[in-house]
Amino acid sequence: MDLLSQIEAAQGKKIKPINGKKRYGKTCAKIIIDFAAPFMPVNGTNSDIETIYTVSMIAWNIALMPVAEQENFIERTVDETEMGKHPKMIEHIYVMVERKKQLFAKYDFQVADYQLQFLDSTQEIYLEVIGIPKN
């Protein structure tokens, strides 16, 4: 059983990408689902899941920035948002940035926007990601 299937089984929820334009043989949503999977909390609430996807997409875009700009951007983003309430948030973002660089380097799209839809009646979660080519 792959990692995403294990997480879904533990949560009792099914995470599905919404069909979109395929890049690299997959949709941007499927790539982001794979990227965020190890960070998903077991038995997480919808709010927890949304937070992980938000932070994952921020980290994804930070990884595409010039290295010299990353640290300042991370600190400013955490300080100016609700993320500042989580004491280890900066560390988590750095871990995600490194994951993007190490395991997802071939995917060079930026996340322009995303939408999560939670269907309580089926325990399914749908993710739509709008990815744009990195300039």
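Does Ser 56 count as buried or exposed, and why?

1. This note concerns a predicted model. Ser 56 counts as buried because its relative accessibility is 0%, and the cut-off for buried is under 20%.

2. Ser 56 is part of helix H3. Apart from neighbours within four places in sequence, Ser 56 is in contact with Phe 35, Ala 36 and Met 96.

3. Helix H3 packs against H5 at an angle of about 60°, and the two axes lie 8 Å apart. H3 is therefore oblique to H5. The crossing of H3 past H5 is right-handed.

4. On the H3 side, this contact is made by Ile 52, Val 55, Ser 56, Ala 59, Trp 60, Ile 62 and Ala 63. On the H5 side, Met 89, Ile 93, Met 96, Val 97, Lys 100 and Lys 101 take part. By type, the residues of the contact are ten nonpolar, one polar and two charged.

5. The largest nonpolar core of the model has 33 residues. Those with the most contacts inside this core are Ile 32, Tyr 53, Trp 60, Ile 93, Phe 109, Leu 127 and Val 129. Two or more core residues come from each of helices H2 (28–36), H3 (46–63), H4 (67–80) and H5 (89–103), and from each of strands S4 (109–119) and S5 (124–133). H3 gives the largest share, nine residues.

6. Trp 60 belongs both to the H3 side of the contact with H5 and to the core residues with the most contacts. Not counting residues up to four places away in sequence, Trp 60 touches Ile 31, Ile 32, Phe 35, Lys 100, Phe 104, Tyr 107, Phe 109 and Val 111.

Methods:
Residues numbered from 1 in each chain as written. Predicted model: local features only at pLDDT ≥ 70, side-chain atom pairs only at ≥ 80, totals over all residues. Heavy atoms only, no water. Core = buried A, V, L, I, M, F, W, Y, C linked by side-chain atoms within 4.5 Å. Buried < 20%, exposed > 50% of the residue type's maximum accessible area, 1.4 Å probe, protein only. Helix = DSSP H or I, 4+ residues; strand = E, 2+ residues; numbered from the N terminus. Contact = heavy atoms within 4.5 Å. Axes fitted to C-alpha atoms, helices over the stretch in contact; angles between N-to-C directions. Parallel < 35°, antiparallel > 145°, perpendicular 65-115°, else oblique. Left-handed = near helix turned anticlockwise from the far one by under 90°. Nonpolar A, V, L, I, M, F, W, Y, C, P; charged D, E, K, R; others polar.
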